[in-house]
Amino acid sequence: MRIIMKNSTKMKSLASLIVGDKIDLSVTAKDLPGVKVEIRDDVLILSRRWKVHGAERSNTTIIKRFINAARLAMLLGLQRSEGLKDGTRVRFTNTDPQLHKDFIETLRELGINDFSVHAYYCYCERCGPKKLEDSIREFEKLTKVKVKAIYVNKYAHKVVFQTDVNDRIVAMLLIHAEKLLRKLAAKGLLPRKVVASYLLGQLEGDGTIDLKLRRSADADCEKIDGLLLRISERDAEAAADLKEIFRRYYGIQLHSYGYDHIGSVNLQRALLMLEDGIIPLRHRNKVVKRVMLAFKRKGLPWVLVQLANSFRDKWFTAQEASKVLEKRCNHVREKLAALEKDGFLTSIKCKISTNGKGTPIRRIYRLTEKAIQLASLSSSLLDPSPNLSFSSFGKILLAFAFILGMRIR
């Protein structure tokens, strides 16, 4: 007898509600405690009643029913990392005006237009008033929202902005939607693009990427000790979900040390994160340097470019690849197996006719679309000259990472 778990069935039905690039918010809204939901074709009418000192109060909020799933996921990632989570109001706190712009624009898509923004600044002699004035000017230009008041915070040597929406219903909706999306992603039930947007929001707030380098015997050479991903999350349930999301979608195993969750990122995973656009801009140069060093040492980007230049969409054997890469055949076989495991190659076994007796069976390989796309982009940016300087590699690969790492919007 087959037993169907109720929660599992519910998760699958919820995941199916993301159709194309839209998500239906009526699924999230109908589970809000104490909120009456009226579902119409394009909007949701959310009502709530409560009493204060015996007097009855009410609030009604109208939001759009359908919204771009990737944009909502980015908003919810920012909400998880830097948002207020007590359900009393929507509050996003960060120093980056661009992130506030992303946060506000998505809320506007929902039909929310009443924002209140405050700033916090140290007012110390070292920082001066010009930094404050420039930051506020940039914030207001990007967001089209005026900063209402400025408060003193002696630790805010970089201006901290706080965007508020004083609406409990919207706050409850976002908290519930974030938890739902996180749970679905942890079970692998969401499209990769949506998950990438959510993780970008997470990393923009509470994420850090560190590149560990050390000098080798060659004074002009740097060796890599590791590329480390770190996120901070105090909630144990949310931390467990995030660890599972990174493992399931990117193969990154995070280990917990208190509230910090740290994992090592190999080159293949770093390239995948760049391609999916989940590396925050402030950390992108570190990942680019990791790719740069790998290319200089004939690592993955170099290997893909050589194979694409020689074979493109043709089948090839390990022996043929060995000649192109100028490495021993047994070493190349191991490399090709690793590339196939990471989705850069596909292979089949076939019989190869020869003039001798018998018909030997050989494994032949072909580059996948993912590998060709990455190799083509690399080829268009990389100077094949062997005398290319280290600094030139940096500039070229910075452009390479910029194209691969553009934000999902």
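In strand 5, alanine 55 is the bridge partner of valine 52. This is a predicted model, in which local features need pLDDT of at least 70 and side-chain atom pairs count only at pLDDT 80 or more, while totals for chains, interfaces and linings use all residues. Residues are numbered from 1 along each chain as its sequence is written, and side-chain values use heavy atoms, with hydrogens and water left out.

**Sheet**

- Strand 4 (residues 43-52) pairs with strand 5 in the antiparallel sense over 10 bridges, where pairing requires that DSSP finds at least two bridges between two strands and strands are DSSP runs (E, at least two residues) numbered from the N terminus.
- The open sheet of three strands has the order 3-4-5, with antiparallel pairing.
- Strand 3 (35-39) and strand 5 (55-64) each have a single partner strand and stand at the edges, so one side of each is left without a neighbour in the sheet.

**Helix pair**

- The axes (lines fitted to C-alpha atoms over the stretch in contact, with angles from 0 to 180 degrees between N-to-C directions) of helix 12 (residues 318-325) and helix 13 (residues 329-341) come within 9 Å and cross at roughly 105°; helices are DSSP runs of H or I with at least four residues.
- Helix 12 is therefore roughly perpendicular to helix 13, a term that covers 65 to 115 degrees.

**Whole chain**

- The chain has 15 helices and 17 strands.
- Buried residues (under 20% relative accessible area, 1.4 Å probe, protein chains only) make up 47% of the 409 residues in the chain.

Notes. Buried < 20%, exposed > 50% of the residue type's maximum accessible area, 1.4 Å probe, protein only. Parallel < 35°, antiparallel > 145°, perpendicular 65-115°, else oblique.
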